[in-house]
Amino acid sequence: MNIGIFSDTYFPQLNGVATSIRTLSNALRERGHNVYIFTPSDPRCEGQPEEKDIFRLPSVPVYFVRDYRAGYIFPPHILKKISKLELDIVHTQTEFPLGFLGKLVSTTEGIPMVHTYHTMYEDYVHYIGGGHIISQGMARDFSSAFCNAAMGVIAPTRKTEQLLTSYGVTKPISIIPTGINTSHFRKENFDPAEILELRKSLGLEADTPVIISIGRIAKEKSIDVVISALPKLIEKLPDLKMVIVGEGNEIENLGKFAESIGVGDHVMFTGGKPWDEIGKYYQLGNVFCSASVSETQGLTFAEAMAGGIPVVAKKDECIENIITDNETGMLFESDEELPDLLYRVLTDKALSSRLSQASIQAMDRLSVDAFADSVEQLYKNILENGERPKRIAAPAIPLVIGVKAAKGITKLPYKLVRSSRKKAASFLSASKEE
């Protein structure tokens, strides 16, 4: 099969969508399929060797989401170039410009489209105008409309399937968890001397207890909940450090928050790291902790577990297929439980060892082969069914709008936010006068 994957995010951005796409594309290629990835360009790729079958399309930064790029509206010659690839399946992984391009290719070429729903957008509306411009209801309607434009939808977990059904998605939904390439994260891959050297480079001693957090640093990830647990922990473990690896909008805010509660010296931000080094950074941690309940699957939990790092997480349906409480990890329900739970894992060596071994075994069962087999079979079922989208004519006029116009579009949410703030301030001022 010739498979086209369309995504608004891919490496060098570090997130679960990028990881899922790389895992799937590599596994499908090993099965003899041709996989082409279409994604926005990224300045960090300049000067790097061109990656086979990855098409990086012109993009501009999105000012309200740090390190995120948006593709332009694309010209007809892009469609002609894609047409020559003779795609059998279009697989969209995001719902924005590149997702729309995938949908356009699907309808102009009459190619079945599959969509993977990775992100619960109702948890993300705060990025635009503090949630006053785009409501959660609008996000749900948008998600439903996009999913219903596909021939089949992939949900990583049952929680996501139930969510989409509640949104009004009527197209068939397949629950297919993203597989984990456990070999990339295994502890034995890393020389203890190498990890010790990495610790020293960050100012950590060999015996410094470390809470590790890896992933996108954003409000919905609830990293502040973990930082809030540190004062009580530090009373018992004064050398404790929390190392946060990743990029995102909340770095500055979280740094200020840590300072405000007196733990600024115990929290360290490393910034984003190359994919090939991420496995090594997990090994810095004595425990991996996340309080996020906005995940659709929670790949960072699985990556930590594959590396044998004990996991402490907030109880949520999205990780039910990964973590069993007190067996493959430790779960908490109220934030007040977290300091004591972290202390137990950090100081009880028998508990830590048991969690580590059980988590490694659990992740070995979440294989890449099972993931690729399920997606491949879904493709085949859709192709054998014979249903095709109703074809429409490709646009006869250029769809590209140019750099200046594209930048204006990406600045629009910022302008709307600024405008809404001014209106809110004006309203509050008038209320006080009354």
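How many bridges pair strand 14 and strand 15, and in which sense, parallel or antiparallel? Strand 14 (residues 311-314) pairs with strand 15 in the parallel sense over three bridges. Two strands count as paired if DSSP finds at least two bridges between them. Strands (E, at least two residues) and helices (H or I, at least four) are DSSP runs, numbered from the N terminus.

The model is predicted: local features need pLDDT of at least 70, side-chain atom pairs count only at pLDDT 80 or more, and totals for chains, interfaces and linings use all residues. Residues are numbered from 1 along each chain as its sequence is written, and side-chain values use heavy atoms, without hydrogens and water.

The six strands of an open sheet follow the order 12-11-10-13-14-15, with parallel pairing. Strand 12 (267-271) and strand 15 (330-332) stand at the edges with a single partner strand each, so one side of each is left without a neighbour in the sheet. From one strand to the next, the twist averages 25°.

A search of the whole structure finds three cavities of 30 Å³ or more. A cavity is a set of points on a 1 Å grid over the protein atoms alone where a 1.4 Å probe fits but cannot get out; lining residues have an atom within 4 Å of a point. Grid points are joined across faces, edges and corners, and a volume is the space filled by probe spheres set on the points. The largest cavity holds about 60 Å³. Its lining includes Ser20, His91 and Phe371. Helix 1 (16-30) and helix 14 (368-385) each supply at least two lining residues.

Note on methods: On a 1 Å grid over the protein atoms alone, a cavity is a set of points where a 1.4 Å probe fits but cannot get out, and a pocket is an open set with protein on both sides within 12 Å along at least five of seven lines; lining residues have an atom within 4 Å of a point. Axes are lines fitted to C-alpha atoms, for helices over the stretch in contact, and angles run from 0 to 180 degrees between N-to-C directions.
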